[in-house]
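Subject: Structure for you to look at

Hello,

Here is the structure I said I would pass on. My notes on what turned up in it follow below.

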Amino acid sequence: MSDPHDPDDVHGTWDSRYGGEQMWSGRPNWAVVALVSDMEPGRAVDIGCGEGADAVWLAEHGWQTVGVDPSAVALERATASAQAAGVEVDWVNATLEELTLEPGSFDLVTVSYPALRLEAAPMDRLRALVAPGGALLVVHHADVDRERALSHGFDPDTLLRPQDVRQGLSPSWDVLLDESRPRQFSGGAGKHHRDDHVVLARHRPSRDVIVRRATTHDVKAIRELVRPLAEERVLLDKHAVTYYEAVPEFRVAEIDGEVVGCGAVHVLWQDVAEIRTLAVSRDHLGKGVGGHLMDYLITDARTYGVRRLFCLTFEIDFFVRHGFEAIDGQAVDQDVYQELLRSYDEGVAEFLDLEWVKPNTLGNTRMLRQL
């Protein structure tokens, strides 16, 4: 979807690509038709929808559909196609990185022949969009000619590949299909390709985990989740007023109405935020609740506009699986460091690794993730 040949002007680059005659055949992708026809319609989003054939087909078959593409030119054609078909599609002119759609709100996410830069962590973003029980369908060209791709401004080694899709799925996902199939030709700019590689995965619900924004009524449950971890000095216990003040930063995970997990994103500075108070009840450890919460928290951080996400943790492996790396030293320059010293927030002092809070952070690893 985004063009690595000119990453600073993705919208303009794709508008230029669509600037001539219609690029694609106007017919839906064969894999979408074959694999989605038997699914129960719900909410769907087509990432990199181009001229809209897949999104229009989904809408025609009962899906409440969003089509996303960085090219306004392509979306003009998509809008005309939807009008001609007599269906409604919500068109969004954006890259995947720019999207601010609610996490976990789609029963189906489709991506056909993506040009998504690996450095932008596309799987994190795609995975976060899918609701528990929902499906992710990614269709790639299986026979990419590297030299031809390079001549068109695409380096296949820097873009999302089928193996990246598989590796980007957490244990709470079931891969239903992962294979190459002969392509059923539909013409258009991709007519020279002979085979497609299709990955279809379903997000397995963990007894229907629901992640939502916290309210003041959740503070008691959050404190109960934190209490045993505070006793083990894994997390710091805090006064009730501190949690009430931080309610807008929190999300909670619940199963059958019971809060079983929590986590927060606290903005530290213009480009950096921190994951705080990530906790899951002992009865639900190892069931994907923490990973589900993390997907939402990462999306929240992106929505706030930060580019880096910090954590201080004993759970190194968990955070590594979610793209964090251990760091030494400070994560901000000296000018920002001096500004942050003005904060009365104890968590900021821990972020700065000040001497007086070292007893709180003993044994923790400082980790950072680029968004």
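Phe318, Phe319 and Phe324 form one aromatic cluster. The model is a predicted one, and the search of the whole structure for aromatic pairs returned five. In one of them, the ring centres of phenylalanine 318 and phenylalanine 319 are 5.3 Å apart with the planes at 85°, so this pair is edge-to-face. Phenylalanine 319 also pairs with phenylalanine 324, again edge-to-face, at 5.1 Å centre to centre and 90° between the planes. As for burial, phenylalanine 318 has 16% relative accessibility and counts as buried because the cut-off is under 20%. Phenylalanine 319 is buried with a relative accessible area of 5%, and phenylalanine 324 is buried as well.

Strand 1 (residues 43–47) runs parallel to strand 2 (residues 64–69), and five bridges join them. Within this pairing, valine 45 stands opposite valine 66 of strand 2. Strand 2 in turn pairs with strand 3 (residues 90–93), also in the parallel sense, over four bridges. Here glycine 67 has tryptophan 91 of strand 3 as its bridge partner.

- Strand 10 (residues 258–269) and strand 11 (residues 272–280) run antiparallel and are joined by seven bridges. The bridge partner of glycine 261 is valine 280, in strand 11.
- Strand 12 (residues 308–313) and strand 14 run antiparallel, with six bridges between them. Leucine 309 stands opposite arginine 369 of strand 14.
- Strand 13 (residues 325–326) pairs with strand 14 in the antiparallel sense over two bridges. Alanine 326 has methionine 367 of strand 14 as its bridge partner.
- Strand 14 (residues 365–370) has five of its six residues buried, so the rest of the structure largely encloses it.

Which residue does the side chain of arginine 251 contact? Arginine 251 is located in strand 9 (residues 250–255), and its side chain makes a polar contact of 3.5 Å with the side chain of glutamate 102. At 1% relative accessibility, arginine 251 counts as buried.

Helix 10 (residues 289–304) is the helix I looked at in detail. With 16 residues, helix 10 reaches 23 Å from its first C-alpha to its last, close to the 22 Å expected at 1.5 Å a residue. Of these 16 residues, 14 are buried, so helix 10 is largely enclosed by the rest of the structure. Just after helix 10, glycine 305 takes a positive phi of about 100°.

Positive phi also turns up in residues other than glycine. Arginine 233 has a phi of about 65° and is found in the loop between helix 8 (219–231) and helix 9 (240–245). Its relative accessible area is 56%, so arginine 233 is exposed, the cut-off being over 50%. Aspartate 256, with phi near 50°, lies in the loop between strand 9 and strand 10. Aspartate 256 is exposed too, with a relative accessible area of 65%.

Regards

Notes:
Residues are numbered from 1 along each chain as its sequence is written. This is a predicted model: local features need pLDDT of at least 70, side-chain atom pairs count only at pLDDT 80 or more; totals for chains, interfaces and linings use all residues. Side-chain values use heavy atoms; hydrogens and water are left out. Rings of Phe, Tyr and Trp (its six-membered ring) pair if their centres lie within 6.5 Å; planes under 30 degrees apart count as stacked, over 60 as edge-to-face and the rest as tilted. Buried means under 20% relative accessible area, exposed over 50%, partly exposed in between (1.4 Å probe, protein chains only). The expected span of a helix is 1.5 Å times one less than its number of residues. Two strands pair if DSSP finds at least two bridges between them. A polar contact is a pair of N or O atoms within 3.5 Å; within protein, one must be able to donate a hydrogen and the other to accept it, and residues adjacent in sequence count only if both atoms are side-chain atoms.
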